[in-house]
Structures are given as structure tokens and as C-alpha cells.
Amino acid sequence: MVSLVVSDTGIRIPSKMLPHVFEMFTQGDRSFDRTHGGLGIGLALVRQLIMMHGGNVEGFSGGKNKGTTIVANLRAAGGSQVEPASMPSSLPDRSEKAATSINGSVLVVDDNPDVGDSLAELLQLVGYDTVLARNGKQAIEVATSHRPHVALIDIGLPDIDGHEVARRLRADPRADGMVLIALTGWGHDDDRRRSREAGFDEHLVKPVDIDRLLDMLNRFGRPSRGD
């Protein structure tokens, strides 16, 4: 076996969290001084990739302020053949559905690279093509040039917010038929109303329920266009 060990010297992952850190959307403390967390899917992706190659991954912590260690174990080249493990239940294999439901790409718009990149990688892992944008103006440019079938748009963008992005796309014939899904930390009735008025088809609250998102993408399928 070959082991890849990654350690840090941070605040640690609490022992009660360690059995769950490889589950989708599991996150630790989100206190006021730790406001830039990701989606909580990075370690879940690690576990899936390692398991697909017949390995395993574990987490350890030495105690408060003693950091965390993640160990990934893989069969060395030339070793005996092992059957790749099936995909964990926390991230179902939907690649066949993805390939048949949306014959195009998904635009992911988020100014936080950890969040945007992780969500895009997750969608790629289950069979979708993805493109990325980091702010509102870039989102409009990518959406009208690349013409993805679905755009997942964060509301809190640094230049123009997601509502304005949606309004401009709805007014642009190049985005005709594009499905717009709002991603936001706010889920009150008034927040959902504002999303609808801006032109969004759906409103998802972070952290995103991946099953709901994938079912939504499958349901929308390929929008009909006149081209």
C-alpha cells in the first residue's frame, strides 16, 4: 500500500466530528472569525475518489490546537488487483442521468473559489460539463457567449448581485431558455420572492442539498431554443 499523509497545525477537527468529516456538507465551527467556509464537500470528494480506486481514507486529530491529519491509502502499482469500491451512498452515481438529462453545460457563479470550484468539480464527477464565473459581470459574459443550459448563481457577488445578473440575462435574447437557479444563504419567503421577481426559476439555500440539486437538473433537462 501507498499512504498519502496530509497534516496541519490548525485548531483541529473535534473528535465527535471525525467520524463524519467525509460525509457530504459536513462542516465544523462557523463562528464569527471563520466566515469563509466552503461547501463541506472536499473531503467527501476525496473519499469517493480514493474508494473508486480500491483504497480508504481516515482522519485523526491530536487534540485542541494540535491540528488534523488525513491519511489516504492506495494499492501500490504492481500490487494485487482489487476491485474498485462502489460509490458511497452520500454521492450517488448519477452520471447516466446527467448525460441524458442535460445535453450541455452548467455555469457555476460564485466569488468564493473554494465554493465554486468544489461545486463545479462535484457536478463534473457525476457527469456534467461545467464552466465557472467569479463575479456578476463575468457571469453575464460567460452565459451569453458559452450559453450554458443551466446557471447556478450566487446572490452575494462582489460587483453586481445575483438578482441583477438574472435580470440582465432575462433581458438578453442570447440567454433565452436558460434555466437560472439562485444559490444563497437566505431562504425566507421574501428572499424567494425577490429571486422569482428577478427571473430565477429556482431558489436553493446553502449549504446546497446535492440530491435536490441533481434532481432539479434532471427535471429541467435541455431547454428548447430556436437555434
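Predicted model: local features only at pLDDT ≥ 70, side-chain atom pairs only at ≥ 80, totals over all residues.
Start by selecting L183 and L204: in strand β8, L204 is the bridge partner of L183. Residues are numbered from 1 along each chain as its sequence is written, and side-chain values use heavy atoms, with hydrogens and water left out.

**The sheet**

Now show all of β8, residues 202–205, together with β7: the two pair in the parallel sense over 4 bridges. Pairing requires that DSSP find at least two bridges between the strands.

Widen the view to the open sheet, whose 5 strands follow the order β5-β4-β6-β7-β8 with parallel pairing. β5 (129–133) and β8 stand at the edges with a single partner strand each, so one side of each has no neighbour in the sheet. On average, neighbouring strands of this sheet are turned by 20° against each other, direction ignored.

Next, select residues 210–220, helix α7, which lies across β6, β7 and β8 and runs at about 165° to β8. Such angles run from 0 to 180 degrees between N-to-C directions, with axes fitted to C-alpha atoms, for helices over the stretch in contact.

**Helix α5**

Which residues of helix α5 (residues 162–170) are buried? They are G162, H163, V165, A166 and L169, where buried means under 20% relative accessible area (1.4 Å probe, protein chains only). Look down the axis of α5: these buried residues fall within an arc of 160°, so they line one face of the helix. That arc is taken from the directions from the helix axis to the C-beta atoms.

To see what covers them, display α4 (136–146), β6 (150–154), β7 (179–184) and α6 (189–198), which are among the covering elements. At the start of α5, zoom in on D161, where a side-chain oxygen comes to within 3.1 Å of the backbone nitrogen of H163.

**Two buried stops**

Go to T130 in strand β5, which counts as buried at 17% relative accessibility. Its side chain makes a polar contact (N or O atoms within 3.5 Å, one able to donate a hydrogen and the other to accept it; residues adjacent in sequence count only if both atoms are side-chain atoms) with the side chain of Q124, at 2.6 Å. Leaving out residues up to four places away in sequence, T130 touches V106, A120, L123 and Q124, a contact being heavy atoms within 4.5 Å.

Finish at V142 in helix α4. With the neighbours up to four places away in sequence set aside, V142 touches L107, V131, L132, R147 and P148. Draw a C-alpha to C-alpha distance from V142 to L107: they are 8.1 Å apart in space and 35 residues apart in sequence.

Methods: Buried < 20%, exposed > 50% of the residue type's maximum accessible area, 1.4 Å probe, protein only.
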